[in-house]
Amino acid sequence: MAWGNVVLTEDLNDVQPCLADEAYEADIPALGIAESTSLALFSAVASRGSQAMKGKTANEGFEGIVGASRSLRQVLDLVRTVAPTDSTALIEGETGTGKELIARAIHNISPRSGYPFVRLNCAAIPFDLLESELFGHEKGAFTGAFAQKIGRFEMADKGTLFLDEIGDIPLPLQPKLLRVLQEQEFERLGSGRTHRINVRVIAATHRDLAEMVKRNEFRSDLYYRLNVFPVMLPPLRERRQDIGLLVAHFVEMFGRKMGKRITCIPNETLSALIAYPWPGNVRELQNLIERAVILSNNGVLRNPLPTLDKNAVTNPLPVSDKNPLTVTPSQGTFNDSTRALILQALREAGWVIGGSDGAAARLGLARTTLISKMKKLGISRPVRRSDMTRLPCTPVGSAMAATNM
């Protein structure tokens, strides 16, 4: 028997593997690859999934942060290091990687945790209002200022101010922000009175501030003041081993919200989600799982991805005249491109590896070489739709016992 699916237990507290009724063809390394993916994934989920499914997440003390990859653990180690200090932290990373969650984590385990955590998205506020949002204004300071307004710095006094998308702060406003960071004092618009505050600032951006400094689009002195303790968040494509935990977490979350009971995550769906490059990172995964839960019926999570190569180029690169393949461009790593190419070859060959019409021949590789690459990249044959209707979900006790065999 080969591992075929990943399943949520009846109380939705764990992710369990289903056992397929049939082994795949001898040509497909179902057992070896499944053991290197499904079992490895299950062992991580089994040990951490219970906490995640109960809303405590897989990382105790870090609310909402789910994952067990080395790169994520390194980030959380940095969070634990900087949190007890009052130093400014600069969180960098692509859109959707969870920068606000990390900022909240820094605040929550800091001595300021009992005081306000105030956030401001600098890209969402028009320039003529941003200064007022940050520092406040007095009544009559400008047209439309009918009453006194308290700014975000005052709101966050003794606590933490999170400035998201700091790279979008206009140049004319940057000197005033620098002064607050250095002197911990400011004046409201329309007032000459100086207010002193005690605020810890955490900034975040998806932009390259160092390059912006070189182009004179961001003040160098403000950049150096913000970049006291940088924290770089890895994109989701660099922490694929966390995708299973994240999928289970979001399935439980949206299932509970929508009153749906998802009991089975097919291996076909999980493999597709793990192989996808995730340009929108965790936010994109969350949104797609929400869609999948909405569309799911009979307790089976549907695959929300239309295809793995939906961004294929219009001018395909032929691998051979007999069996042309197209290469999907990706902003991901070399492994992402290799995975996409192998998956495409396997699909076009009907998941047959050997033989003159198999995927190995299409790729110009030896059969054993292709099998080795598939194991390395965690590629396994998806469950066939014809088998889905007769593939029972193993009871919790049986599945747990099977993992110890």
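## A buried glutamate

E131 counts as buried because its relative accessibility is 19%, and buried here means under 20% relative accessible area, with exposed being over 50% and partly exposed in between (1.4 Å probe, protein chains only). You'll find E131 in helix 4, residues 127-135. Helices are DSSP runs of H or I with at least four residues, strands are runs of E with at least two, and both are numbered from the N terminus.

So who does E131 meet? Setting aside neighbours within four places in sequence, E131 is in contact with G136, L173, K176 and L189, where contact means heavy atoms within 4.5 Å. With K176, there is a side chain to side chain polar contact at 2.3 Å. That term covers a pair of N or O atoms within 3.5 Å; within protein, one must be able to donate a hydrogen and the other to accept it, and residues adjacent in sequence count only if both atoms are side-chain atoms.

## What you're looking at

This is a predicted model, in which local features need pLDDT of at least 70 and side-chain atom pairs count only at pLDDT 80 or more, while totals for chains, interfaces and linings use all residues. Residues are numbered from 1 along each chain as its sequence is written, and side-chain values use heavy atoms, leaving out hydrogens and water.

The protein chain has 16 helices and 10 strands. Of its 405 residues, 49% are buried. Take the contacts with a separation of 6 or more: 69% of them join residues 24 or more positions apart.

## Helix 11 and its cover

Helix 11 (residues 281-295) has 15 residues and reaches 21 Å from first C-alpha to last, close to the 21 Å expected at 1.5 Å a residue; the expected span is 1.5 Å times one less than the number of residues. Its buried residues are N281, V282, E284, L285, L288, I289, A292 and V293. Helix 9 (243-258) and helix 10 (267-275) are included in what covers them.

An α-helix has 3.6 residues a turn, so residues three or four places apart point the same way.

## A buried spot in a loop

Now for a loop: I379 lies between helix 14 (367-377) and helix 15 (385-388). I379 is buried because its relative accessible area is 3%. Along the chain, I379 and S271 are 108 residues apart, yet their C-alpha atoms are separated by 7.1 Å.
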